[in-house]
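Me: I'd like to learn how to read helix packing and ring contacts in a model. Can you walk me through it?

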Amino acid sequence: MILAIADELILRKEEITETVETIYFGGGTPSLLSINEIQFLLDVIQQNFEVVDNPEITLEANPDDLSNEKILELSESPINRLSVGIQSFFDEDLQYMNRSHNAEESKKCLSVASRYFDNITIDLIYGVLNMSIEKWKENLQIAFDFGVNHISSYALTVEPKTALDAFIKNGKYSPLDEQLAKEHFDILVEDTMLNEFIQYEISNFGKPDFFSKHNTSYWQGKPYLGVGPSAHSFNGKERSWNVSNNAKYIKSIQSEILPKKVEVLTLNDQFNEYIMTGLRTIWGVSLNKIEQEFGEKYLTHLLASSRKFVKQELLELVVDSNGAKKLKTAEKGKFLADGIASELFMVD
């Protein structure tokens with residue numbers, strides 16, 4: 001698999017002409033990689049792409065994957081950012097979400113990791129059934145006490161054909177409570193702000209200088225290259241994704257055939273994606289960019305369709321310090337951002 005990933009990087013080196021600023025080991029369980037394997041892949045990247053002097057290099061891991069020895073090994077590697085899937089610091093929540101780690105493992109791994117890494121982000125889930133306001137606030141306080149500089153936090157969703165989906169359908173668990181999720185979200189926004197985090201994207205909160213450079217690139221529409229089974233890529237005009245089957249992936253790469261499907265984005269698709277991502281960030285949607293890249297028709301549509309949300313104080317039209325006009329999500333509209341964005345889409 002590692003050799004196939006390396007070969008795919010080489011086969012696709014012409015697809016990224018920009019300087020590489022971020023490298024992200026994510027999806028699946030990249031923490032299973034040895035330090036030598038990580039270094040091997042980084043060497044392949046360095047040899048085939050132009051990379052900045054000090055790229056942000058992130059590795060995703062679950063708490064039960066991060067033993068003391070693993071954390072120490074990673075700290076001695078080029079990895080300079082850890083993304084840890086905590087989800088909750090309470091066992092009953094983790095069991096409800098069918099997670100493999102427990103609360104003690106979460107606290108133990110963060111206690112050790114924070115001694116070796118400054119740049120740690122954790123995931124927390126809100127809107128969990130029976131998670132009281134007090135428990136949610138305690139979840140956040142534990143994160144603050146560990147000194148993490150970045151938190152990604154999402155409302156619990158029920159994916160089809162999962163254990164949680166089955167439990168809800170057969171009555172073992174109650175359906176999700178959207179009002180509870182809204183209350184948790186409001187506390188999340190308030191408490192992170194009190195602890196000097198900036199909500200730079202609807203679900204992402206970072207201390208100054210600790211925003212995720214990698215995820216910010218997604219939201220700002222920069223091209224990215226994803227390698228490995230199921231990996232997605234984007235070049236501004238097309239989106240592609242690799243086959244999800246490991247054996248088929250390896251066999252295809254060994255034959256020097258890229259195992260990917262490609263979707264060409266229409267102008268409407270590109271506009272809609274920019275609206276969706278832009279309204280989720282503190283940078284908002286640039287009206288100048290809409291006019292220059294999409295044309296007067298799209299600008300007129302956006303201004304007309306957003307008018308009712310501006311009146312409701314869910315969106316706001318602002319002028320930034322450079323004199324650029326932006327459409328941004330107001331504080332009141334943040335929990336509803338995706339739904340609002342969908343109302344602004346240009347449809348065929």
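Reply: We'll take helix pairs, then aromatic rings. Keep in mind that this is a predicted model.

Me: Okay, what describes two packed helices?

Reply: Two packed helices are described by the angle between their axes and the distance between the axes. Here, H1 (residues 2-11) and H2 (residues 35-48) pack at about 10°, with axes 10 Å apart. Angles under 35 degrees count as roughly parallel, so H1 and H2 are roughly parallel to each other.

Me: Which residues of H1 meet H2?

Reply: On the H1 side you'll find Ile-2, Leu-3, Ile-5, Ala-6, Leu-9 and Ile-10; among their partners in H2 are Phe-40, Leu-41 and Val-44. By class, that contact has 10 nonpolar, one polar and one charged residues.

Me: And how do H11 and H12 pack?

Reply: H11 (residues 267-278) and H12 (residues 287-294) pack at about 170°, with their axes 12 Å apart. That makes H11 roughly antiparallel to H12. Residues in the contact include Tyr-274 of H11 and Lys-289 of H12. The charged end of Lys-289 sits over the ring of Tyr-274, 4.3 Å from its centre.

Me: Now the rings. How many aromatic pairs does the structure hold?

Reply: There are 13. One of them joins Tyr-224 and Phe-234, tilted, at 5.9 Å centre to centre with 35° between the planes. Tyr-224 is in the loop between H9 and strand E8, and Phe-234 is in strand E8.

Me: Is Phe-234 buried or exposed?

Reply: Buried, because its relative accessibility is 11% and the cut-off for buried is under 20%.

How values were computed:
Residues numbered from 1 in each chain as written. Predicted model: local features only at pLDDT ≥ 70, side-chain atom pairs only at ≥ 80, totals over all residues. Heavy atoms only, no water. Axes fitted to C-alpha atoms, helices over the stretch in contact; angles between N-to-C directions. Helix = DSSP H or I, 4+ residues; strand = E, 2+ residues; numbered from the N terminus. Parallel < 35°, antiparallel > 145°, perpendicular 65-115°, else oblique. Contact = heavy atoms within 4.5 Å. Nonpolar A, V, L, I, M, F, W, Y, C, P; charged D, E, K, R; others polar. Phe/Tyr/Trp six-rings, centres within 6.5 Å; stacked < 30°, edge-to-face > 60°. Buried < 20%, exposed > 50% of the residue type's maximum accessible area, 1.4 Å probe, protein only. Lys NZ or Arg CZ within 6 Å of the ring centre and 35° of its normal.
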